[in-house]
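Hi,

Here is the structure I promised to pass along. Have a look at it first, and my notes follow below.

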Amino acid sequence: MIQDYSLLRSAISQDSLLGELRAQFEKMEDKRHHNCQYKLPSVLMSGVAMFSLKHRSLLSFETQTEASRANLRNLFGVEELMSDAGFRKCLDPVEWQPLRDIFPEYYSRLKKLGIVKEYHYLGGYNLVSLDGVEHFQSCHVSCAHCLDRQLKSGETQYHHNFLAAVMVHPAHREVFILGGEPMIRADGQTKNDCENAAAKRLIPYLAQAYWRERFLYLGDAIYATAPIIRLIQAHQADFLLSVKPDSHRSLWKSFEARRANQALIHSHTVEEYGERYEFHYFNHTTLNEANPEVKVNFLFCQVTDRQNKQTTFSWVTSRLISRRNLMDLMRAGRSRWKIENETFNTLKNQAYHFEHNYGHGKQNLATNLVYLMLFAFHIDQIVQKCSKTFQVVLGVCRSKIKLWEFVRVLFYVEKFNTMNEIYVHIASLFKVKLA
Ligand SMILES: [Zn+2]
């Protein structure tokens, strides 16, 4: 029987999700020193409020109107208003691992709403896109966890990177955060951390946190290495990873030879909506000569679009390739870009101010700020997926930046009982009827 999730989804609001987040924060053990002035849930919710409202800093929180004070308290559970400096001081010593553990809780919620099922692909897999992003850099400010690099000028630049794991689907716009791993220098470590090393920590974490799920990992060519593939398979997961001629030379040589001789290779062409897909593939090959026991299946695709522009893609996968799944594998492989387009670009360009320097701290501040921003983003994605009111209001505002401008203005001038009331109010300003 097909379950109808529309009733459950219609009950979802930003308010219910924020309330659940605050309840999770209240369960967290506060290991900070007793001299921390503000309660932990208040500190964390202040950050979530800042990112939900897309403020560039908490400084603007210091000049609150009577209405916005009430709204911060009623809508975000922020009972104590704090200065920017006070917020950073209180957030810096908080450990980031319990924050990450909240995402699997949200996943249970996505399951109940039928979203996980809706995102099933290639026969019951959930596609997990991995990608790293830099979120802090400075030549002047650093901490014990900073990565460093030498600039051409001879200066040392310090930076923090973050590896995110995001559930994607080729046909759906929204993406959902599953977890992440900061790329930082661990205590006592002298070498820089890197994306590959972070993936080696993140994949076992995801396997444990989502042990019931069938994951198919998507990633660029830096993940298509024998150690990462072994790790993915050791955790009963599958993969579809990009490969490149320069980073996978022996595999490429084999592909070129088979293609030239038209032997031991399958070729197939599909025309769809004016685009032409030329596939070449072969199964049961080795990733490289150094690791003959690591078996992969190789897929090459050249797409010619209506303007005659050609793009090529190539992957290795643990899934057996056949004529029947070519198009699905190609679409899954290309949906990896959603982590770049829908996640990081949204965070950078749609007012989350991802690259803005919110602060650095001495312990975990830079990483904790990323988690709080990801909570705000994740809640926005669930609301966008489920709330008809939000969808209508976003439609009339035409862009998220515009919508959030309206939200911020109303937040300062009028008291509301819920965030949903703000969206309803915006709809009334545009004289739009909500169902
Ligand atoms: Zn640092």
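Three cavities of 30 Å³ or more turn up here; a cavity is a set of points on a 1 Å grid over the protein atoms alone where a 1.4 Å probe fits but cannot get out, and its volume is the space filled by probe spheres set on the points, which are joined across faces, edges and corners. Helix α18 (419–429) and helix α2 (14–27) each supply at least two lining residues, and α18 gives the largest share, three.

Please keep in mind that this is a predicted model: local features need pLDDT of at least 70, side-chain atom pairs count only at pLDDT 80 or more, and totals for chains, interfaces and linings use all residues. Residues are numbered from 1 along each chain as its sequence is written, and side-chain values use heavy atoms, with hydrogens and water left out. Mean pLDDT (the predictor's confidence in each residue, from 0 to 100) is 91 for the chain, with 94% of residues at 70 or more.

Now the zinc ion. Its protein donors (N, O and S atoms within 2.8 Å of the metal, or 3.2 Å for Na, K and Ca) are Cys-143 (SG), Cys-146 (SG), His-160 (NE2) and His-360 (NE2), at 2.1 to 2.3 Å. The site is tetrahedral, with angles of 92 to 130° among the four donor atoms (the rule asks for all angles between 85 and 135 degrees).

Best wishes

Conventions:
1 Å grid on protein atoms, 1.4 Å probe; cavity = no way out; pocket = protein on both sides within 12 Å on 5 of 7 lines; lining within 4 Å. Helix = DSSP H or I, 4+ residues; strand = E, 2+ residues; numbered from the N terminus. Tetrahedral: all angles 85-135°; square planar, octahedral: opposite > 155°, others 65-115°.
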